[in-house]
Structure formats: structure tokens, C-alpha cells
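Work through the exercises below with the model open. Each task is followed by its solution.

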Amino acid sequence: MSRKEGDGSFRKRRQDYTPTHKMEDQDDGTNTTSAVMAAFKSFQLELDTKHDKYERLVKLSRDITIESKRTIFLLHRVTSVPGVAEVLAESEVKLDGVRLKIKQIAEELRGQDLHQYHRAFTPGIQEYVEAISFQHFIKERALISLEEINKKLIFVKDNTKEAEGDQGTSSESIQESREGAVYFQVTPTDYLLGIADLTGELMRMCINSVGNGDIDTPFQLSQFLRQIYDGFSYIGNTGPYEVSKKLYTLKQSLGKVEDACYTLRVRGSEIPTHMLADVFTTRAALIDPDEGIS
């Protein structure tokens, strides 16, 4: 008797399982030309088309998000460079490229239901609203309206120019005029979410302005952010769920800007100008240690 068989241990043996019944192609009696099978084939084609379109919209949304963020980073240079007009002109070129991506979304959604695909492209549209509203504030020191945003999203069919004119807000996001122009309309929800994100960029602009010796901009930003916060407070819990979530972050940004203005007014004469930015950064981090300056 061998050692493996005599020591009482259980020896695992490999069992070759051979199926007794082999799967063979055989006629199961299904009629592939029946009306039911034809209906399922059409459903399959419809779902595949929808999924492919959804994936294309997700990719376009990512491209819009990336280019919009680059535009925002570029616009932050206005606090540190003498040529503000050059920065604004360069940002306009970048936003024109973003609008071409939005035009592709409009073409994809032509004749489609917006709400079936809204989740695919809403992050990119919110980022675009944030970028163009930031640019508008730098130029006009005012909040851009939803109608002004939608005016820039009217495209002529031959791609040679943009049609100007107020088309108003409609429940339909994609429309085609009699002249063949396709235009995209930002929804009120995407507009509100983009403006809520704008407050974070304005808070960063406030800190950068102080670091470069600009004492007037923080007070302008404080008044502007307070008006935005009052507007969002009127919405309250009656608006979309995402808006109520971002209201907390908006309040934090307002608090940081107000704290900066307080330091400038009370201790501005005590702190050297080149040290103000460090002081504000430290105080903002103490207010929100997890977030910091974002």
C-alpha cells in the first residue's frame, strides 16, 4: 500500500466529465419569419441605436467639460496679466470650439426626446454655463441670463455663421427653423447648476485679486455673490435636488469672500499687501479644512 493511500488522507482525483448529451444544431420549430420575431428584431435595432447615440453624447460631454475647464483656467489669468483684452479674446476662441461640440449634440438630438439623453450631456453643459458666465462677469461685472446663453447656441446649417436673435425658452431643446438653422437650448436646471458652480470660481478670483494688490474686486464679488445666494435661497427646496445640494457650497464660498473683505477692512492697514493672499488662504482653509480653496 502506498503512503498516500495508507495514511488516511483524501486524495482528490480529477474527474473527466463527459456530457452525455451534445448540443447540436437542430430545428426547434421556431419560425424566424413570424411577426413576433420581426418585432423583437426591430426592438433590438432600436435599443442598439439608442445606446450608441448615448455613448456618443457622453463622449461629447466629456470633451465639452475639458475645454470649458481650460477656458476657466485661462480666465483666471486676468488677475495677474496687464492685457485683459487678450485673455478675453483667447477665451472667446476656446468657447467657439466648445460651441461646435454643442452643435454636434444638437445634431445628434434632432428629432429625439431630450429627456432620454439628458443625463449623458448635462455635465458638459453645466461646465459650459460656468465658463461663459465667468467670462461674462469679467467683461460686464454682471450675471449672464439664460436667454443670452441660448442666443449663442443658434447654428446655421452651412456652418458659416451663427444666427443672432432671441428665440425664447421652450420645452423643446432642439429645434430646426424654416431656414435650416439648428439651435440648442440650455435647460433652466443646467443653467442654475452652472451658476452655482460659478461661485467657486469667483471665490478663487477674489483670493487671487487680493494677492495681486487689487482691493476693489473682493468687495464687488462679495456684493455679487450675496445677490446670487439670495436668489438661490428663494428657490429653497422647491427646485431640483441638485440645486439644494450645491446651496451649501455656495454659502461657503460667500463666507470666504466676506471673510476676506472683513480682513481687508479691519486689518488691511496692518498686513503688507504681498502677505494678504497667504492670510486669506489660511483663513479659508480653517473655515473648511476638507475643501480648502477650490
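**Exercise 1.** Which residue follows α4, and is its phi positive or negative?

Solution. Arg 141 follows α4. Its phi is positive, near 55°. Helices here are DSSP runs of H or I, at least four residues, numbered from the N terminus. The model is predicted: local features need pLDDT of at least 70, side-chain atom pairs count only at pLDDT 80 or more, and totals for chains, interfaces and linings use all residues. Residues are numbered from 1 along each chain as its sequence is written, and side-chain values use heavy atoms, with hydrogens and water left out.

**Exercise 2.** Compare the span of α4 with that of a straight helix.

Solution. Start with the length: α4 (residues 114–140) has 27 residues. A straight helix would reach 39 Å at 1.5 Å a residue; the expected span is 1.5 Å times one less than the number of residues. The end C-alpha atoms of α4 are only 32 Å apart. Now locate the bend: about 60° at Ala 120, taken between axes fitted to the seven residues ending there and the seven starting there. Pro 123 follows within four residues.

**Exercise 3.** Place the residues of the UniProt "binding site" annotation.

Solution. The unreviewed entry lists Glu 130 and Glu 201; such annotations may be inferred rather than shown by experiment. Glu 130 sits in α4, Glu 201 in α6. Glu 130 is buried (under 20% relative accessible area) at 4%. Glu 201 is buried at 11%.

Definitions and conventions: Helix = DSSP H or I, 4+ residues; strand = E, 2+ residues; numbered from the N terminus. Bend = angle between axes of the 7 residues up to and from the residue. Buried < 20%, exposed > 50% of the residue type's maximum accessible area, 1.4 Å probe, protein only.
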